[in-house]
Amino acid sequence: MLKTEPKAPVKSWRSHLFAAAGFVFVIVFVAFVLLLIIADIFYIDSKAVLTVLTSRFIRHALWMSIWTSIMTVLLSLIFAIPIGFILSRFRFRGRFLVDTVVDLPIIFPPLVAGLTLLVFFSQTGFGKWIQEDLGIEFVFQPKGIVLCQFLVSASFAIRSAKTAFDDVDRRFENVALTLGCSQWGSFGRVSLPLAANGIIAGGILTWARAFGLFGPLIIFVGSFRGRTEVLSTTVFLEQSIGNLEVALAVALLMIVVALIALTIIHLVGGTVQVKL
Amino acid sequence: MIRAVRLSFSIGDFRLDQFNLEVAHGQYFVMLGPPGSGKTILLECLCGLARIASGQIYIDGKDVTNLEPRTRGIGYVPQDYALFPNLSVERNIGFGLRVRGYSRQVITSKVMQAAEMLGIVHLLKRSIYGLSGGEKQRVALARALVMQPKVLLLDEPVCALDEATRQDICAQLHSVQRQLGLTTIHVSHNLEETFSVADRAGILYQGNLQQVGSMNQLLREPRNEFVAHFMRCRNIFSGEVMAVKPADGSQPASTKFRAGGVDLVVPGKHKGQIKFIIRPENILLSGNPESGSVDNKLQVKLVRSRDCGNYIRIELNGPLNLVAHLSHAAFADLAAKPQSDLIAVLHPENIHVLPE
């Protein structure tokens with residue numbers, strides 16, 4: 001009886017060499033990252049781990065990191081989906097400018113983003129009006145963490161959403177229109193489900209960027225223990241007072257949280273069947 | 001019934017200008033044309049996916065020009081079918097019904113009805129991935145038909161299929177269309193496909209409708225050189241009228257003209273410079289110089305012959321360089337070889353003078 005094997009082209013030794021060369025880079029990169037983590041693990045001691053697990057402030061920072069980054073992802077997706085769709089589907093005057101501005105926060109040095117937010121809310125009339133007259137305070141406030149993370153990471157979500165909508169063939173939308181959908185219906189029943197994977201990928205990037213953000217937070221919201229401290233600023237605070245072991249233990253905690261979150265997203269993302 | 005009146009539309013260098021078309025109730029109309037002639041754009045204008053600059057579109061007498069695609073009562077099957085890849089076959093077919101808010105029982109029953117009509121019941125639970133081209137085509141058709149449209153628009157529905165499947169699908173399209181009495185516009189560039197389904201056909205070129213008629217009319221009486229060429233007639237020549245003989249009692253009027261140095265006769269009255277065609281299957285070949293009528297006999301030499309499956313294609317050199325199609329039996333009887341001298345007989349009624 002014939003054995004069934006996966007389809008693969010006939011390969012000469014040159015082709016094997018080609019694949020081997022690629023794998024060399026894979027191995028070097030993965031090994032480099034793993035070695036760094038292993039080095040951290042060996043550097044910390046049980047006392048540092050205990051400190052991290054029992055510290056009220058670090059627990060608070062962990063909670064702040066998680067909820068602010070989740071809020072940032074939700075807020076980013078709320079903006080990213082319509083902006084991505086508009087940039088993908090509509091040709092309008094000034095589109096190039098909008099496209100460029102959307103990407104601008106990606107190339108902002110993170111510190112500049114924090115500084116810009118600080119200047120806007122503390123030095124301009126409009127910023128002061130929002131803070132003082134409307135009473136929505138951002139500077140040195142937990143809400144500021146979300147705003148800061150949103151500014152720096154929403155571009156990833158928007159860019160991913162645009163690419164995802166670009167990949168949805170317009171003929172699907174056209175057919176939906178002839179089958180009874182309005183423009184809204186076609187978007188909700190066809191475009192959005194078909195772009196969902198790309199949008200989720202953008203959400204993951206946004207979350208990763210937001211979760212690890214440090215520079216602009218220090219400038220815009222500071223790092224007040226029990227109030228605006230997040231894990232990334234905890235690392236900075238601990239290492240600045242000489243607690244290198246604790247700083248590294250917190251960094252490892254961040255890696256563990258990120259791994260758990262990414263695993264959950266991959267598992268859920270891989271099994272979700274989008275129904276129209 | 002669908003009627004387009006003086007439609008105008010332009011995109012880039014392409015334009016439909018003052019375009020008129022009428023397809024009667026229950027008629028199967030095929031719009032033929034080479035790639036880039038505007039067939040797809042025309043369908044998109046008719047179903048409201050492309051906004052026209054001016055003109056009117058009527059469906060069953062109702063002006064739908066400014067209606068959204070969803071309210072026009074049109075079923076549309078685009079090229080490559082555009083089946084939703086994240087839905088099963090069943091959910092693809094029932095998509096429009098769910099949008100319209102039908103109950104689950106009604107959806108199930110209508111989907112089953114459409115699937116039975118097209119013979120795809122066994123596919124209902126399958127994913128779109130892994131379906132063959134013919135199966136996808138049937139699913140896309142079921143998805144459009146389940147909405148009970150007034151007009152069905154098919155954009156190159158079988159162009160990506162192999163020959164055998166194409167014939168099956170065309171037969172099925174024709175039978176379903178007859179069964180439902182559905183007004184249908186089918187876009188294609190393939191003549192065999194058109195012959196198998198069309199009640200009437202039109203030829204579109206650069207946004208202009210060149211001719212509308214039965215396939216026989218398009219084949220035998222093309223209006224201009226483009227139509228003749230598109231209908232695969234290679235024997236297109238120019239001539240100059242020498243004399244016109246008016247009708248006298250039993251004899252109808254005829255025109256004598258000169259082409260390639262020989263005099264030919266054609267029925268009817270013509271004047272000045274003319275262009276004419278001779279269908280390759282209407283050329284009679286003989287090895288006997290005495291055969292045929294006195295008029296329209298040409299001495300030709302066989303250059304080469306090629307077996308095209310259903311017929312033998314023969315290239316002839318002579319006063320007019322002709323291409324003739326002969327059946328295998330007729331070619332065997334002729335017993336001609338390359339460089340054989342032959343007589344080509346062109347019956348006057350088989351010479352068609354192009355009106356344009």
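**Close-up views of the predicted model**

**View 1. Where domain 1 of chain A meets domain 2 of chain A.** Five residues of domain 1 of chain A contact eight residues of domain 2 of chain A. On the domain 1 side, four of the touching residues are nonpolar and one is charged. No polar residue takes part on that side. This is a predicted model.

**View 2. The two domains of chain A.** The domain assignment places residues 15–44 of chain A in domain 1. Domain 2 of chain A covers residues 46–271. Between the C-alpha centres of these two domains the distance is 29 Å.

**View 3. The contact between chain A and chain B.** Chain A supplies 18 residues to this contact, and chain B supplies 16. On the chain B side, strand E6 (74–77) and helix H3 (95–99) each give two or more residues. H3(B) gives the most, with three residues. By class, the chain B side has 12 nonpolar, two polar and two charged residues.

**View 4. The largest nonpolar core.** This core has 151 residues. Those with the most contacts inside it come from chain A and chain B. In chain A they are Cys148(A), Ala161(A) and Val250(A). In chain B they are Leu46(B), Ala142(B) and Leu153(B). Helix H7 of chain A (residues 142–166) provides the largest share of this core, 14 residues.

**View 5. Leu46(B) and its contacts.** Leu46(B) is among the residues with the most contacts inside the largest nonpolar core. Leaving out residues up to four places away in sequence, Leu46(B) touches Ile2(B), Ala4(B), Ile57(B) and Leu153(B). One of these, Leu153(B), is also among the residues with the most contacts in that core.

Notes: Residues numbered from 1 in each chain as written. Chains lettered and ligands numbered in written order. Predicted model: local features only at pLDDT ≥ 70, side-chain atom pairs only at ≥ 80, totals over all residues. Core = buried A, V, L, I, M, F, W, Y, C linked by C-beta atoms within 7 Å. Buried ≥ 20, exposed ≤ 12 C-beta atoms within 10 Å, placed from the backbone. Helix = DSSP H or I, 4+ residues; strand = E, 2+ residues; numbered from the N terminus. Contact = placed C-beta atoms within 7 Å. Domains from an automatic or database assignment. Nonpolar A, V, L, I, M, F, W, Y, C, P; charged D, E, K, R; others polar.
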